[in-house]
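Please look over the structure below.

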Amino acid sequence: MKIPKLLQAVLVLIGVYLGFILVFDVLLDAVIPSSVLAMYMFFVAAGVFMVFTFEEDGTRELVAPIKALVEEPSRRLIRNIVFVVVPVLAGAGTYFQMVPSLDAPVELRSIHPAPPTAIKVYGKRVNLLKLENPYRKFEKEDPEKFKELVAGGAKVYIQNCQYCHGDKLDGKGPYAAGLNPTPLNFQDVGTIAQLQESYLFWRIATGGPGLPKEAAPWISSMPVWQNFLSEEEIWQVILFLYDYTGRRPRSWEHDG
Amino acid sequence: MRQFLMVVAFTLLTVGLFAGYSNFGIPQIEPAQPPKQEKIDLGAMTMDKFIALGEKIFNGKGTCTLCHNNLGRAPMLGGTAGLVPKRLVDPRYKGEATNVEEYLIESFVKPSAFVVAGFGKKGTNDTVSPMPDVSAGSIRLNDAEIKAVVAYLQDSGGAEVTVKIPTDAPEQTEQTEGEPRAPFETPEQAIAELGCGACHKVATEEGEVGPDLTKIGGLRDKAYLRQAILDPNADITEGFEKDQMPPDYGAQMYAQELEMMVDYLAGLK
Amino acid sequence: MNLCRLKNLKGISTVLAVGILWLLAGDAFGAETASATGVTGGYGPAPDLKPSDYPQVAGVNSRVTIWIVAQLHLWFAAFVLAVPIFVFIIEAIGMRTRDKRYDDMAYEFIKVSITAYSLTAIMGGLLLFCLVLFYPDLFRYMSVIFKDSMFYYALLFFAESAVLYIYYYGWHWLQGGFRKWVHLTLGLLLNAVGTTLMLLANAWLTFMMSPAGVDPAGVFSGDAWAAIHNFLWNPINIHRFIANIAYGGSIVGAYAAFKFLTASGAQEKAHYDWMGYNANFIAICALLPLPFAGYYLAAEIYAYSQQMGITLMGGLFAWLFIIQAVLIGTLFLSANYYLWCGMGRSDGAKRYYKYIKYIAIVLIGAFLVWFTPHTLVLTNEELKALGGPYHKYLGPLGIMPAKNTAVNLMILFTALSFMFYRRANKVATVGWVKAGNAIQVALFTTGILNIFFLGVYHGYFTNTVYKVAASIPQVLTTLIVIVASVVIDSFMYRRSQEAGPLHWGRVPPRSQYALFLLAVSFTWLMGLMGYIRSGIRQHWHILDIMRDNSPDAFTPTLGYAANVVSLATILFMAMVIFVFWLSQVSGSKTLPDGYWKE
């Protein structure tokens, strides 16, 4: 038996919707955010519309039941029911969308806000655009010394950072569970691998309180490390972060 | 016509969808306001530092202590900030200030708005103040410097410091430090820059604290004048007080400037 | 016809007024500034403005006014600069093939743009007035540096008008043989002048983004060429040139769609269907390389100033790129939909219908990746369930390599749609059809695999340095596959049979709405991207040289920007509809009974 076109379209939409839920929420165990799913479904619907209506016969078949519903005198009862139910559903949807809930408001943060041009750390003004890791050069020039510096950074990390960011740098330290926002996972491809070393220096030195307004509302508990660590220690720990995770700091020169 | 209206409706719907998505579909992050202008270091200044700056100007560039000292030339300013509310309702008050900060700023630039009894210019029955406008003439404090002094006066007077650290005016006191200044070209320039006119009647200035210098060349010789600048207390003209003139002009002036001034003064007959 | 001429007279007078005003303004300001700063050879540092230096005029918001006026001017300018480019090409095609339809279509295109031309001039004049009124100090500073180029700009405007009017009004006069050659040369001249105009105007705006020829205090060195040839000038030139063509195509497409919908006879319908198809073809051809020009521009912005680059892609503006992604996706989808609908013109197209859904699946899939945001909007439950703001699987889709891969696939499959459309009405007769098809399938398969490999491997398993670098081989793969397939196709279908006559006009009205969607989306998108390009300077009139200290120096929220862009789009669309209506009115005659003495 041939399934009517309209039903086909609806089935495809429901199938894709359930597919997303099944794949993300069940199989991958990582829920798909409702905001993303809504947009996905909007464009999947647009795609389904395109495929089902690009040729004339198919379109006629698709809209035939709708046309019949609206125009045919024999379907008066169903029509009246539909004409009541659809607005009610739309109204209910709007109501539940807009009704204030007891949940805390959704927090939106730029995880990596644009840095300022210059910052004031250790009592001096530093130009972030030109700032470079003073130890990075040893990677090529003096590998022995570089190793030492990385080891120094590791020590700093274990003494200060791992409580939150974890001993595997995966953001799952002993205290991580108590924090919101959760500590960054440096193993993730979207964190330090996307950033320059000067950016890390800025974030470490000025901590949560140093974040610009566009990253707000931010209640990051990252300490202002310039009060606890020396400049050299921060640069060493940055070396360690990249070394341990095997990532490279972002740079715009292709000879990197 | 029907097609036309449908096209219009379709266009509006499309634009509406885009606008709706931009307004409600994505988070509205309010970007930070533009940063305070960076080249002025005042923005990074704490209130304590600002008050300290005010104190420095009060004792230095502002030449305030020439008169506002314990010799009775002008009122002491220690408690002025606390007295302002009373003065604002005093019938003799002619200014427009409504609070302490405004009153103090006004008193710097329009000193005659309120003259403390007994400190007016002679013969004016305390309606005209002998104090110069500090934003003009030889003292020439800028807005930021005036505010710093106000902050200092509010702070030392025990009043609440209401002054906001300005961010939109260049800060000049800091700039002149460290590097040697260019020598003065003319005696008039030197008089203006060194602030002689705050006390002396000389050139176009009308100071009354120190001796009138307009005809000094006829009374004193060059050696005396040189000594009077380098060591003001060596000889005090009758009717004037000791310790009024700052003793450090010798250090402030270049040798050639000193000679230029001596020649100039000796020439005033 | 009368009305049309009146309009053009008005256009000429406006151009005159603009030119004179420009001269006067440039001269007066130049003299004033020179006398004020006599010591430094006539050039002073950029002024340090106070909020009180910005005049408040009639209580309107200066920034929004100038924003909308500049945007309207740009839209019209893009349209009238683009149309002569493809009119020239179409005219040349008509001349070569001796197919009069092409010549008629070219004439109709230029007829549509002629009224828009005077609107461009009016908007330009209005923009100049607004600049002088609202931002006098900025304009004064700019006009000192660009005084020569502004002068030539005014002169070139005369040249542009003269050539355009001869080109348009002389169309039927300069026909046949040598005269046609003269006419075509005029078309080339028109494009040369128009492009030069655009290059000059581009120099002024790129100077504001990447100032050159001035020292850090803004003192001009006197080298005007250095100021014009600044760092971002050429990237913007390329990007704008391509985008203008795509934009002009889409607007003309909307015109044809409107005429199609309102047409009465079958012949008229067929004509406008054909015109719409050609316009859409132009738009798509220019749309395909546009993302690459965009990447080049973005990369150069990064190279010039990392701060500007991070502002562009990071935090706040990152969300703007999500909107942009949705819009570009819309462009691709509507362009594809139009092609699919257009298959109905051919009787042989049914053979390819079954593939359409697979193209759609790939397109939609790539599109979903293309607009997956880097920072997800999460509710509290989702946050808890995920254990943090990172999504293990969606997160990696938010960064550049995934998007590059997606956009390359979209381009590749749009090209595939187009190839199906081309084949729809043809039956190949050469002996190696099977082999040819197999080669094409192999080509597409390896191309897609290569794009995937480059995206996944270089994007996620190597150094970040290569993340950006991988986009270049991806682009090359896409281009090679498209070019090679088109070449094979052209040989394969050299002596092909037609499956049946092509039925121009046999398309559903829905497809015409796809053309409208294309035009509206394009307009809105240009407005948005214009805002981004200008907005990344943040609180600077001229980056790091001249600070914007007006009360409007703040960066607005996205909703605010989108609303301004929407308002401007509606204004523009209203004016465009007016222009279309005029071109229709000029052709219609009403003969009142008994009004005139017989």
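What follows goes from whole chains to single residues.

This is a predicted model, in which local features need pLDDT of at least 70, side-chain atom pairs count only at pLDDT 80 or more, and totals for chains, interfaces and linings use all residues. Residues are numbered from 1 along each chain as its sequence is written, chains are lettered from A and ligands numbered from 1 in the order in which they are written, and side-chain values use heavy atoms, leaving out hydrogens and water.

**Chains B and C**

Chain B has 11 helices and 0 strands. Its pattern along the sequence is α-α-α-α-α-α-α-α-α-α-α. Chain C has 20 helices and 4 strands. Helices (H or I, at least four residues) and strands (E, at least two) are DSSP runs, numbered from the N terminus.

The table gives burial and surface for the two chains. Buried means under 20% relative accessible area, exposed over 50%, and partly exposed in between (1.4 Å probe, protein chains only). Accessible areas come from the Shrake-Rupley method with a 1.4 Å probe; for residues, only the protein chains shown count as cover.

| Chain | Buried residues | Accessible surface | Carbon and sulfur share of surface |
|---|---|---|---|
| Chain B | 39% of 269 residues | about 15,000 Å² | 55% |
| Chain C | 60% of 598 residues | about 24,000 Å² | 69% |

Contact means heavy atoms within 4.5 Å. In chain B, residues 24 or more positions apart account for 58% of the contacts with a separation of 6 or more. In chain C, 85% of the contacts between residues at least 6 apart in sequence join residues at least 24 apart.

**Confidence in chain B**

pLDDT is the predictor's confidence in each residue, from 0 to 100. Chain B averages 77, and 87% of its residues score at least 70. Among its elements, helix α1 (residues 2-25) of chain B has the highest mean pLDDT, 88. Helix α6 (residues 172-176) of chain B has the lowest, 39. Over residues 169-179 of chain B the pLDDT is below 50. This stretch still has 17 contacts in the model beyond near neighbours in sequence.

**A helix pair in chain C**

How do helices α3 (residues 100-134) and α9 (residues 266-287) of chain C pack, and at what angle? The angle is about 75°, and the axes are 11 Å apart. Axes are lines fitted to C-alpha atoms, for helices over the stretch in contact, and angles run from 0 to 180 degrees between N-to-C directions. α3(C) and α9(C) are therefore roughly perpendicular. Angles under 35 degrees count as roughly parallel, over 145 as roughly antiparallel, 65 to 115 as roughly perpendicular and the rest as oblique.

From α3(C), the residues in contact are C:R101, C:Y102, C:M105, C:E108 and C:F109. They meet C:H271, C:Y272, C:W274, C:M275, C:N278 and C:A279 of α9(C). By class, this contact has 7 nonpolar, 2 polar and 2 charged residues. Ala, Val, Leu, Ile, Met, Phe, Trp, Tyr, Cys and Pro count as nonpolar, Asp, Glu, Lys and Arg as charged, and the others, Gly among them, as polar.

**Single residues**

A:L169 is not a glycine, yet has a positive phi of about 60°. A:L169 sits in the loop between α6 (143-165) and α7 (197-206) of chain A. A:L169 is buried, at 0% relative accessible area.

C:R98 also has a positive phi, near 55°, in a residue other than glycine. C:R98 lies in the loop between α2 (62-97) and α3 of chain C. C:R98 is exposed, at 71% relative accessibility.

A:F49 belongs to helix α2 (residues 34-53) of chain A. A:F49 is partly exposed, at 43% relative accessibility. Leaving out residues up to four places away in sequence, A:F49 touches C:Y337 and C:R510.
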